[in-house]
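User: I would like to learn how to read strands, cores and helix contacts in a model such as this one. Could we take them one at a time?

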Amino acid sequence: MKSPEIKNVLAEFSLFRSLDEDELQKIVDISISRDWNRGSHVFMQDDPLENVYFIHSGKVKIYKSDINGKEQIVAILKKGEMFPHVGFFRKGGYPAYAEVLEATTLVVVPILPFEKVLIENPTLCIKVFNVLSEKIVDLQDRLEAQILNNTYEQIIKLLIRLAKLHGKETNGIFTLNGEFTNKDLANMIGTTRETVSRTLTKMKKEELIEVDSNGTMTFVLDDLLEELI
C-alpha cells in the first residue's frame, strides 16, 4: 500500500478525522502497510511495545494467556479498529497476544515518531485521550459484569456487546453472524464451552434468541435486557 492509500485508510479512523491535510500527512509519513496471513501473530505478549496498528481489512484476536496456558480473549477486532489502545501511553511490553484470524492488512504506526507528532499537535493528543477513555469505560463495564453478574447474565451482556460491535441492528432486532464459536464466547468471559452451549440452548428454548444453520444469531434487544432486570 502506497502513501496515498495509507492516507485514505487513516482518514477513515475517528482518531484522525479532525486533522487537516498537513497534520494527517505527518502521520502518513511515519506509517507503513503490512499484510499478515491467517494464524500468524502481529505481536506476542510481553514483546517490546513498539507500534500501534490500524486495521484496513481482516480480523485480529487479542488475547491473554495465564501460566497454565489458558486463553482469555480480550477482543475480536475488525476493519476500522486500532490496537493496542495503551500503545501510546505505556512503556515496556505488549499487554496481550495479537493473532490474525483471517488474511489481514494493517497500517503500522511506530510509537516513538508518533509521540513527536502528538507533541506538535495538541488536538490529536486530545483525540487519542478520548479514544482511550472510551476503551477504559468498556473495560470497566466488562470487569463489573464479571464481578457482579452470574454466568447467565454475563453471556447476555456479552451477546449484546458483540452484536453492537460486530452485528447489524434493525428496529431493535440484532443480527450477529456466526463468527464466534462457543469456545470463543467462553474464553471472553472466563467460563467453559459447555456452560455457554447449555446457556444458549436454554435461551433458544425460551425463544430469546434464534440461531440458523450457519450459526447466525438474531435477538430482540429489549428481550435480553429484560433478563437482566
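Analyst: Let us begin with burial, where buried means under 20% relative accessible area, exposed over 50% and partly exposed in between, with a 1.4 Å probe and protein chains only. Strand E3 (residues 51–65) has eleven of its 15 residues buried, so the strand is largely enclosed by the rest of the structure. This is a predicted model, in which local features need pLDDT of at least 70 and side-chain atom pairs count only at pLDDT 80 or more, while totals for chains, interfaces and linings use all residues. Residues are numbered from 1 along each chain as its sequence is written, and side-chain values use heavy atoms, with hydrogens and water left out.

User: Which strands pair with E3, and in what sense?

Analyst: Strands (E, at least two residues) and helices (H or I, at least four) are DSSP runs numbered from the N terminus, and two strands pair if DSSP finds at least two bridges between them. E3 pairs in the antiparallel sense with E6 (residues 97–110) over eleven bridges, with Leu106 as the bridge partner of Ile55. Seven bridges join E3 to E4 (residues 71–78), again antiparallel, and these two strands form a hairpin with five residues between them, where Gly69 in the turn has a positive phi of about 85°. E5 (residues 82–83) pairs antiparallel with E3 over two bridges, Phe83 being the bridge partner of Tyr53.

User: Which residues have the most contacts inside the largest nonpolar core?

Analyst: In soluble globular proteins, nonpolar side chains tend to be buried together. A nonpolar core is here a set of buried Ala, Val, Leu, Ile, Met, Phe, Trp, Tyr and Cys residues joined through side-chain atoms within 4.5 Å. The largest has 39 residues, and those with the most contacts inside it include Tyr53, Phe54 and Phe83. Apart from it lies another core, of 28 residues, among them Ile76 and Tyr152.

User: At what angle do helices H5 and H7 cross?

Analyst: Axes are lines fitted to C-alpha atoms, for helices over the stretch in contact, and angles run from 0 to 180 degrees between N-to-C directions. The axes of H5 (residues 151–166) and H7 (residues 193–205) come within 11 Å and cross at roughly 75°. Angles under 35 degrees count as roughly parallel, over 145 as roughly antiparallel, 65 to 115 as roughly perpendicular and the rest as oblique; H5 and H7 are therefore roughly perpendicular to each other.
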